[in-house]
Amino acid sequence: MPHTPASENPLSTDAPATPSSPTGRRTGFHSLRRGGLNWESLPLRLFTKGNARFWDPADIDLSRDAEDWKELEEEARTRVLRLCAFFVAGEEAVTEDIQPFVRAMAAEGRLGDEMYLTQFAFEEARHVQAFRLWLDALGVHEDLHEYVDTNPGYRRLFYEELPESLERLSQDPGPRNQVRASVTYNHIIEGSLALTGYHAWNHLCTARDIFPGMREIVRRIGDDERRHMAWGTFTCRRHVAADDANWDVVRQRLDELLPHVTTMVEHGEQPSDDPRTRRYELPPGELVRYAGDRALRRLGAIESARGVPVSRIDLDTAPEELEEQFGEEDRRAMSGVNVEE
């Protein structure tokens with residue numbers, strides 16, 4: 001892709017091409033300004049990477065998964081349906097709730113972020129498709145609300161905290177609300193819950209040596225989500241660098257939400273009474289530990305932006321590198337799982 005190197009581009013960020021109009025009407029175009037778009041900025045790096053890694057859920061063969069499903073004992077089926085219900089509902093929620101963030105980036109004049117978030121929203125919709133196609137392939141068509149509605153942590157996060165924090169951006173898209181929304185969406189819903197859930201999926205499928213289609217779905221979605229998390233960390237870093245008071249906003253929002261994460265995970269992590277099922281489960285407390293580890297390490301990445309010039313943050317690939325590191329750690333962990341013989 002032809003582009004102007006960052007070192008030669010006089011515009012190292014995606015600041016508005018022209019001053020905002022008092023009427024809110026468009027007064028210019030970022031793609032026509034001198035120097036064009038900065039393809040080295042992190043949002044556009046993520047956008048380019050996402051384009052290169054396109055995948056279609058309909059291309060994944062789920063025939064073996066359907067056969068594996070028939071062989072599972074009833075309790076294992078219940079646990080699998082609970083996990084899948086968490087995900088398909090969660091992916092639907094984040095598909096709907098991301099829209100105010102796209103508008104906030106437009107209001108701030110950050111075309112690179114806006115471009116990436118349109119791809120981001122499409123990917124969330126694709127995740128809904130992937131999980132729903134999997135359920136359809138298994139022949140599961142009953143109402144699954146009981147699995148999410150009986151979990152108090154899930155209800156608090158997905159029915160209240162997520163939509164409320166994102167909708168605030170529609171009234172006030174300022175930095176404080178952007179940070180609160182990003183911590184809620186990217187660092188709690190995606191970083192602490194979704195990626196922890198994918199860890200559980202990977203372990204279940206690997207330990208039992210079942211569901212190759214779901215393993216491919218989780219691999220593909222995990223790659224998408226790591227880009228999403230990189231953007232969320234980047235967004236918080238950008239605002240913390242611009243105003244150190246936003247660091248307190250990050251910490252406060254995490255403190256508010258992490259108890260609900262613990263409630264949700266513990267509620268869904270009750271060990272089985274059946275030794276045949278328990279042998280495939282993660283050790284008690286493993287998912288809570290995993291979620292906390294990821295949250296704290298991303299928090300450190302955000303804190304490292306304090307006092308850093310904002311122009312450097314836009315070009316800093318550290319959030320992307322951290323997520324790739326997490327992906328490699330997950331792959332190593334799964335390689336050490338004992339597979340059913």
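Y116 and F120 both lie in helix α5, where four residues, about one turn of the helix, separate them. Helices here are DSSP runs of H or I with at least four residues, numbered from the N terminus, as are strands (E, at least two). Both Y116 and F120 are buried, that is, under 20% relative accessible area with a 1.4 Å probe and protein chains only; exposed means over 50%, and partly exposed lies in between.

## Basis of the values

This is a predicted model, in which local features need pLDDT of at least 70 and side-chain atom pairs count only at pLDDT 80 or more, while totals for chains, interfaces and linings use all residues. Residues are numbered from 1 along each chain as its sequence is written, and side-chain values use heavy atoms, leaving out hydrogens and water.

## Aromatic pairs

The whole structure contains 11 aromatic pairs. Rings of Phe, Tyr and Trp (its six-membered ring) pair if their centres lie within 6.5 Å; planes under 30 degrees apart are stacked, over 60 edge-to-face, and the rest tilted.

One of the pairs is F54 with F122, stacked at 6.2 Å centre to centre with 10° between the planes. This pair links distant parts of the chain, 68 residues apart: F54 is in the loop between α1 (42–52) and α2 (63–71), and F122 is in helix α5 (residues 111–138). F54 counts as exposed, at 54% relative accessibility, whereas F122 is partly exposed at 42%. Y116 and F120 form an edge-to-face pair, 5.8 Å centre to centre and 70° between the planes.

## Cluster and charge contact

Ring pairs join F101, Y116, F120, Y185 and W231 into a cluster.

R155 lies over the face of Y159, 4.3 Å from the ring centre. The criterion is NZ of Lys or CZ of Arg within 6 Å of the ring centre and within 35 degrees of the ring normal.
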